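Work through the following exercises with the sequence and the model open side by side. Each task is followed by a solution that goes step by step.

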Amino acid sequence: MSQGSSSRDALEQLACQEQAHLMTVTLDESLPSPPGDFFSNDYLSLTTDTVLRERFRRHALAAPLLFSATSSHLSTGNSKVYNALERRLQRFFGYPAAVLFHPGYNARAVFFASVPQRGDAIIYDELIQTSCREEFHTSASQRVTDRFAHNSVASLEECIRNVLRKYPQINQGNSTVFVYLESLDGMEGDFCPLVEMVEVIEKLIPSGHAHIVVDEAHTSAICGPNGSGYVSLLELNNRVHTVIHTFGQAWGFHGGVILSSAKVQECLIGSAEHTIFSPAVPYTDINGLQTRLDIISGDRGQELRQRLDEVSRYTHKQLFSALKHIPEGILSVEHLSLETGIRRDLGLSSPIIPIYTPLARDLSDYLGTKGYGASTITYSVVKKPLVPMSVHVSNKEADINSFIDAVVAWATKQAQESVRSVPRSESNYVGTKAHL
């Protein structure tokens, strides 16, 4: 076999492995889908908001600079309008300092590449994004990482105790423990028990040697005072050291911002390659973010958040009712519970609803035939295959009902086929599904 043929075989094998273990997405030119958007992260439907569009148009026409910043943050990219937006975001989120990034991914990458130092430890929730785990390897503390069970306070406590035993320099006051959490899991759709976790961290780790980082990708703009997020909602700004807000979800845009101390800000700007060698956020993005912040922080934003909560609660209720007779082996929405998807104690509901099924790709393909832009998430990204559903301000009750009808129709067909494939001797099993 030639060397070229061997290389092709290796590439084909790698591609098959990636397809088996990573996220599989059905791409379609019609996204967001005509029957209703149930799969994008545009929770507040700002990408199609006519009020926002008109404000951005007026803002852009009046702006003296419109396109690229032409230089990095350390040079002329550090303009007056750039600094004005960072200061506004700093005040809005309630932190001493803010640093903007135009790919939101870079915010996480820059933080872990520049802030944790050799000898520090990183503890993280086992279900955080794969990309985040990859960033830990760029950190000087890359060999000191540990994880705990998803959203488990008890597991976090055990994890911290193990790290403190393994690395005595932390208790000696020579190192820091970085704890990385997500406010709302983008796949599971459940909220982090943040208050309880902060209490455990403060109890176990010596004062001044814990650094809590909360990723608010999926809660930014949808909760908290004026949309300032989950940490602000829980009044934890003075106890959570760093917060990362990205703009690719409810903001309907792209980019992100790190909110932290002035010391962290200096570290991010002065020592991170991404900020030294990349152009600063372009003026077009600054204009876009200013107008989005106008909407999110004002009366219009409050109206959108209230509408999103109503849509989320309606969808949770309808799904529970429609799917309660579907066998769990076919399909389940087990995370639609009061403790996870809906936090009644906070007046908060999740727009993210995972639909679990071992036949996730089949369901995704079926929904595609109905015009929906569904995707499939499989192993290594999540523990169980699922089709990630999300709701949006623009979803009407009729659209929601039609989507649920499509899911039920698919699940019913699968259950019927399952019954037909069961041997007659298993009559009791068949009887449980006869009504389907």
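**Exercise 1. Determine how the lining of the second largest pocket divides into nonpolar, polar and charged residues.**

Solution. Begin with the lining residues, which are Val115, Gln117, Asp120, Phe178, His211, Ser261, Lys263, Val264 and Cys267. A pocket is here an open set of points on a 1 Å grid over the protein atoms alone, with protein on both sides within 12 Å along at least five of seven lines, and lining residues have an atom within 4 Å of a point. Next, sort them by the classes in use: Ala, Val, Leu, Ile, Met, Phe, Trp, Tyr, Cys and Pro count as nonpolar, Asp, Glu, Lys and Arg as charged, and the others, Gly among them, as polar. The lining then divides into four nonpolar, three polar and two charged residues. Helix α9 (residues 262–271) gives the largest share of this lining, three residues; helices (H or I, at least four residues) and strands (E, at least two) are DSSP runs, numbered from the N terminus. Finally, the space in this pocket comes to about 220 Å³, where a volume is the space filled by probe spheres set on the points, and grid points are joined across faces, edges and corners.

The model is predicted, so that local features need pLDDT of at least 70 and side-chain atom pairs count only at pLDDT 80 or more, while totals for chains, interfaces and linings use all residues. Residues are numbered from 1 along each chain as its sequence is written, and side-chain values use heavy atoms, with hydrogens and water left out.

**Exercise 2. Find how many cavities of 30 Å³ or more the whole structure holds, and describe the lining of the second largest cavity.**

Solution. Rolling a probe the size of a water molecule over the atoms shows where empty space is left. A search of the whole structure finds two cavities of 30 Å³ or more, a cavity being a set of points where a 1.4 Å probe fits but cannot get out. The second largest cavity has a volume of about 40 Å³, and its lining consists of Asp125, His150, Asn151, Leu181, Glu182, Asp185 and Cys192. By class, this lining holds two nonpolar, two polar and three charged residues.

**Exercise 3. State whether His245, Leu236 and Phe92 are buried or exposed, and list what surrounds them.**

Solution. Take His245 to start with, which has its place in strand β7 (residues 242–246). His245 counts as buried because its relative accessibility is 1%, where buried means under 20% relative accessible area, exposed over 50%, and partly exposed in between (1.4 Å probe, protein chains only). The side chains of His245 and Ser220 are joined by a polar contact of 2.8 Å, that is, a pair of N or O atoms within 3.5 Å, of which, within protein, one must be able to donate a hydrogen and the other to accept it, and residues adjacent in sequence count only if both atoms are side-chain atoms. Neighbours within four places in sequence aside, the contacts (heavy atoms within 4.5 Å) of His245 include Phe93, Glu216, Gly256 and Leu259.

Beyond four places in sequence, Leu236 is in contact with Tyr95, Leu194, Val195, Val198 and Val231. Leu236 and Val198 are 38 residues apart in sequence, and their C-alpha atoms are 8.7 Å apart in space.

Phe92, in helix α3 (residues 80–93), is buried, with a relative accessible area of 15%. With residues up to four places away not counted, Phe92 touches Asn226, Gly227, Ser228, Leu293, Ile296 and Ser297.

**Exercise 4. Locate Ser45 and Asn226, and give the phi of each.**

Solution. Ser45 lies in the loop between β1 (24–25) and α2 (50–62), and has a positive phi of about 55° although it is not a glycine. Ser45 is buried, with a relative accessible area of 8%. Asn226, in the loop between β6 (210–215) and α8, has a positive phi near 60° and is also a residue other than glycine; Asn226 is partly exposed, with a relative accessible area of 43%.
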